[in-house]
Amino acid sequence: MKVTYRQIAPDDNAPLAEMIRKVFREFKIDRPGTVYTDPTTDHLYELFQVPKAEYWIAEASGEIVGGCGIYPSNGLPEGCAELVKFYVAASVRGTGIGKQLMAQCIDSAREQGYRQLYLESLPELEKAVGMYKKAGFRRLEQPVGDTGHYACTIWMLKEL
């Protein structure tokens, strides 16, 4: 399977939002206080048109199979970005696509001058949390910043 990694484009909004919400339904985390109900999920291209934000798409056979971004979320300390909207379709999990997307975002964060990456997650996404730990993220006792995703109960930080 040939996978292409590229920056988000305007035409990606609908298929990307559909893929993200499918993942949420799969893990039964389709509830308020998450990306599932966040209105920006339907407009990710526009959301990422701010300085020092980037969103990467993984595409296979013309279909979006994953995405991950970095974003200067409200309330984060100077030099810290959030690793956001990181989802991979069930059909390609375990193939290294998620690992490659995360590596691309870590590289992008360094290139943008960030010194830390923060993320929020849920216990139901335990495999992802394990991947974050392997990548050097450590658990925090409380959230940082003001993401609006109050349902998340796992908070992690990585020094770059």
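Reader: What makes α1 and β3 (63–71) stand out in the lining of the second largest pocket?
Author: In this predicted model, α1 and β3 each supply at least two residues of that lining. The most comes from α1, which gives six residues.

Reader: How many residues line the second largest pocket, and which lie nearest its centre?
Author: The lining has 13 residues, and Met 19, Lys 22, Glu 63, Ile 64 and Ala 89 are the ones nearest the centre. The volume of this pocket is about 240 Å³.

Reader: How do you know what classes the lining of the second largest pocket has?
Author: Asp, Glu, Lys and Arg count as charged, so Lys 22 and Glu 63, both in the lining, belong to that class. By class, the lining has six nonpolar, two polar and five charged residues.

Reader: What is the volume of the largest pocket, and which residues are closest to its centre?
Author: The volume is about 800 Å³. Of its 35 lining residues, Phe 86, Lys 127, Ala 128, Met 131 and Tyr 132 are closest to the centre. Two or more residues each come from α1, β4 (80–88), α3 (97–111), β5 (116–121) and α4 (126–134). The lining divides into 18 nonpolar, eight polar and nine charged residues.

Reader: Why is Thr 41 called buried?
Author: Buried means under 20% relative accessible area; Thr 41 has 0%, so Thr 41 counts as buried. Thr 41 lies in the loop between α1 (13–26) and α2 (44–47).

Reader: Which residues does Thr 41 touch, not counting those up to four places away in sequence?
Author: Thr 41 touches Asn 13, Ala 17, Ile 20, Arg 21 and Val 35.

Note on methods: Residues are numbered from 1 along each chain as its sequence is written. This is a predicted model: local features need pLDDT of at least 70, side-chain atom pairs count only at pLDDT 80 or more; totals for chains, interfaces and linings use all residues. Side-chain values use heavy atoms; hydrogens and water are left out. Helices (H or I, at least four residues) and strands (E, at least two) are DSSP runs, numbered from the N terminus. Buried means under 20% relative accessible area, exposed over 50%, partly exposed in between (1.4 Å probe, protein chains only). Contact means heavy atoms within 4.5 Å. On a 1 Å grid over the protein atoms alone, a cavity is a set of points where a 1.4 Å probe fits but cannot get out, and a pocket is an open set with protein on both sides within 12 Å along at least five of seven lines; lining residues have an atom within 4 Å of a point. Grid points are joined across faces, edges and corners, and a volume is the space filled by probe spheres set on the points.
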